[in-house]
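Subject: Structure for your review

Dear colleague,

My notes on what was found in it follow directly after.

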Amino acid sequence: MYRAIQTFLVALCLLVSCLATGLRAQEDIRPLVDALGANSFPQKIEAVEALAASGDAKVAEILQSLSDGKLYAPKTGGSVYLAAPTDGAYLDVLTGAPAADVPGNLAKIKLNNGLRGAIGAALSQLTLLSPNRAARLAASQDLLKDADPDNLALLNAALAEEKDIEVKATMEAARAVILLKTDASAEDKKAAIDTIAARGNRDALTILTAALENAPEDLKPAIGQNIASIKTSLAVWDVAQNIWYGLSLGSVLLLAAIGLAITFGVMGIINMAHGEMVMLGAYTTYVVQQTIDAVAPGMSDYSLAFAVPAAFLFTGLVGVGIERSVIRFLYGRPLETLLATWGISLILQQAIRTIFGPTNRQVDNPSWMSGAFEFGGLAITYNRMWIIVFSLGVFVALLLLLKRSKFGLQMRAVTQNRRMASSMGIRTPWVDALTFGLGSGIAGMAGVALSQIDNVSPNLGQNYIIDSFMVVVFGGVGNLWGTLVGALTLGIANKFLEPYAGAVLGKILILIFIILFIQRRPRGLFALKGRAIEQ
C-alpha cells in the first residue's frame, strides 16, 4: 500500500513538473510575441524569425493568426492580443483565455510584403519540421510547385532531419528544381537534372522542358536525353493506361451484356427493355441508400451490400412478370418481341419519370470506393477497380450456376435443343421464365455498379443497350466466355480509337468492324453447338 501511494505521488510530481515546464516555455516566448506589435517592420521580422527558431509548438498557430489579421497590439507597443470570435473581446495569445485589463487603444498589427514573406518562410519551416508526416509531405509538395530559391537553406535543413522515404524524395525533387534556378555549379545542376528525371512523370517532363530553354549549352544534351527518356516511358504508361480504361469500360459492358447473353441465347428474344432493367437496378440502389441514410446513417458505407441483392430480386421479379405476361405469347416471332419489349422499355422509363422525376438522382460512393491511387504511371480509381472485381465475380458465379446446378443443366439443355429437352420432362416454359428473370436480375446488379460511375436517370439503360447487343453478337450468342472476351475486346478497342477518332466515330468504326466480322463468322467468336442451333 505504501509503495502504491509513493508511486502515485512520484507520478503526480512528474505531471506537475511537466505542466510547469510547458508554462515556462510558453512564457519564455511571450516577449517575442509582444515584439510582433512593434512599430518597426524589421523588428517584427526579427521577432517572427526568433519565434520560428524557438521550436515552441504554439508558434505556428500564432503566426497563422498574425497572417490572418487576428492579432492586435497598442499603437505605442506592448502586449499582443488575439481577437475573439465575439466582437470587442480579446484572448491571451498563448493560453487562449479571456484577456483582462485590455488597453483601449488596440489596433490590428499591420503587415507588409516583407513581413508576409517572413511569416510564410517561418510557417514553411515549422511545417517542414513538423512531427506530422502529412504536414511535411504537403509542405514539400508546395515547395516543389513554388520552387522559390529563398527556401533552399530551409529545405537543406529539413532534408538533414527527414527519415520518411516519400517525403524525403519530394524534398529532394523540390531542392533539385530550386537548384536549376540558382547559380549552382554545373555538377550540382547535372545531379539535379538526374533527380528530376528519376521521377519520370509529366511534372518532371514539364520542369525539364522549361529548364531546357535557359540551360547552359553543356547541360542541354543531358536535359534533352532525359526528356526523350521520360517521353518514351510516358508513352508506354499511356498504352497501359488505355488498356486499364478499356478493361474498366469492358467490365461495365460485361455487366450490362451478360444478362442479355442469357436471354438472347436461350430464348432468342431480342429484349429492347434490357437497358431498363439496368436502370431499375440503379434506382433500386438509390432507394436503398436513401432508406439506410434515414433509418441507420451509420450503415451508409455498407448500402451496396444491401442494394445488390435487392436490385437482383426486384429486377428479376420484374423480368419474370414481363416474360409471363407478354413474351411467352410471342416466341418464334422475333419482330413482335422486339416491338413489344421496346414498348415495355418506354412504359418503364415513363413510370420512373412519374415516380422519381426526370432529373438525375445522386447515389453517393461509399468511402472505400472513393478516391484514387497511383500504380507506377497508372492512375487507378477505386470505384472502377471494384467494378472490375464485381463484374468478374458475377461472371464466375454465373458460370458456376450454369455448369454446376440442376437449373443450369436444364437451361443448357433448352438452349441446345428445346424440343428434346421438353420431351425429357423439362418444363421449358418455367425454364424460360426463370432464365429471363435471371438475365434481368443480373442487369439489375449491373445498374448497382453503374450507379457508382454514371448518372442515375430514366435514360441510363439506353446508353448501354446497343453496346450490349454488339458484345453479345460479337462474342457469340448465349456463350458466357464469348461475352467476356467480346466485352473486354470492344472496351479496349474503344479506348484506343477515341483519342484519334473521337467517341462517336470510334463507336461507328467498332460497329463497322463487327458487321464485317459477322460476315465471316455469323455465330460470333464462340458459337454454341447443338442440333437445334445448327438448324
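In the hairpin of β5 and β6, 2 residues lie between the strands, and G376 adopts a positive phi near 65°. Please bear in mind that this is a predicted model. The two strands, β5 (residues 372-375) and β6 (residues 378-381), pair in the antiparallel sense over 4 bridges. Within this pairing, F373 stands opposite I380 in β6. The two faces of β6 can be told apart by their cover: L378 and I380 form the covered face, whereas A379 and T381 form the uncovered one.

Which residues touch the most other members of the largest nonpolar core? They are I442 and L480, in a core that counts 61 residues. Helix α11 supplies the largest share of this core, with 12 residues. A second, separate core comprises 34 residues, among them L137, A139, A147 and I227. With residues up to four places away in sequence set aside, I442 touches L255, I258, G259, I262, F312, V394 and L398.

Helix α11 spans residues 220-267 and also holds S248. Because its relative accessibility is 4%, below the 20% limit, S248 counts as buried. Apart from its neighbours within four places in sequence, S248 is in contact with R384 and I388.

The salt bridges deserve a separate paragraph. Side chains of opposite charge can pair when their charged atoms come close. How many salt bridges does the structure hold? There are 3.

- D92 and R30 meet through their side chains in a salt bridge, at 3.3 Å from N to O. D92 belongs to strand β3 (residues 90-92) and R30 to helix α2 (residues 30-34), so this pair ties together parts that are 62 residues apart in sequence. D92 counts as buried at 19% relative accessibility, while R30 counts as partly exposed at 22%.

- D164 forms a salt bridge with R133, and the closest N and O atoms are 2.8 Å apart. This pair links distant parts of the chain, 31 residues apart: D164 is in the loop between α7 (152-161) and α8 (165-179), and R133 is in helix α6 (residues 133-146). D164 is partly exposed, with a relative accessible area of 21%, and R133 is partly exposed with a value of 34%.

- E323 and R324 meet through their side chains in a salt bridge, at 2.8 Å from N to O. Is E323 buried or exposed? E323 counts as buried, at 0% relative accessibility. R324 counts as partly exposed, at 24%.

The E323 and R324 pair leads on to P429. Not counting residues up to four places away in sequence, P429 touches both E323 and R324. P429 lies in helix α18, which covers residues 428-450. Its relative accessible area is 41%, which falls between the limits of 20% and 50%, so P429 is partly exposed. P429 and R333 are 96 residues apart in sequence, and their C-alpha atoms are 16 Å apart in space.

A further position of note in the list is T415, which is placed in helix α16 (residues 406-416). T415 is buried, with a relative accessible area of 15%. T415 and D432 are 17 residues apart along the chain, and their C-alpha atoms are separated by 10.0 Å.

V504, L505, I508, L509, I512 and L516 make a nonpolar surface patch of about 540 Å². One of these residues, I508, lies in helix α21 (residues 503-520).

With kind regards

Technical notes. Residues are numbered from 1 along each chain as its sequence is written. This is a predicted model: local features need pLDDT of at least 70, side-chain atom pairs count only at pLDDT 80 or more; totals for chains, interfaces and linings use all residues. Side-chain values use heavy atoms; hydrogens and water are left out. Buried means under 20% relative accessible area, exposed over 50%, partly exposed in between (1.4 Å probe, protein chains only). Contact means heavy atoms within 4.5 Å. A nonpolar core is a set of buried Ala, Val, Leu, Ile, Met, Phe, Trp, Tyr and Cys residues joined through side-chain atoms within 4.5 Å. Two strands pair if DSSP finds at least two bridges between them. Patches are made of residues with over 30% relative accessible area and no salt bridge: like charges are joined within 9 Å, nonpolar side chains (Val, Leu, Ile, Met, Phe, Trp, Tyr) within 5 Å. Accessible areas come from the Shrake-Rupley method with a 1.4 Å probe; for residues, only the protein chains shown count as cover. A salt bridge is a side-chain nitrogen of Lys or Arg within 4 Å of a carboxyl oxygen of Asp or Glu.
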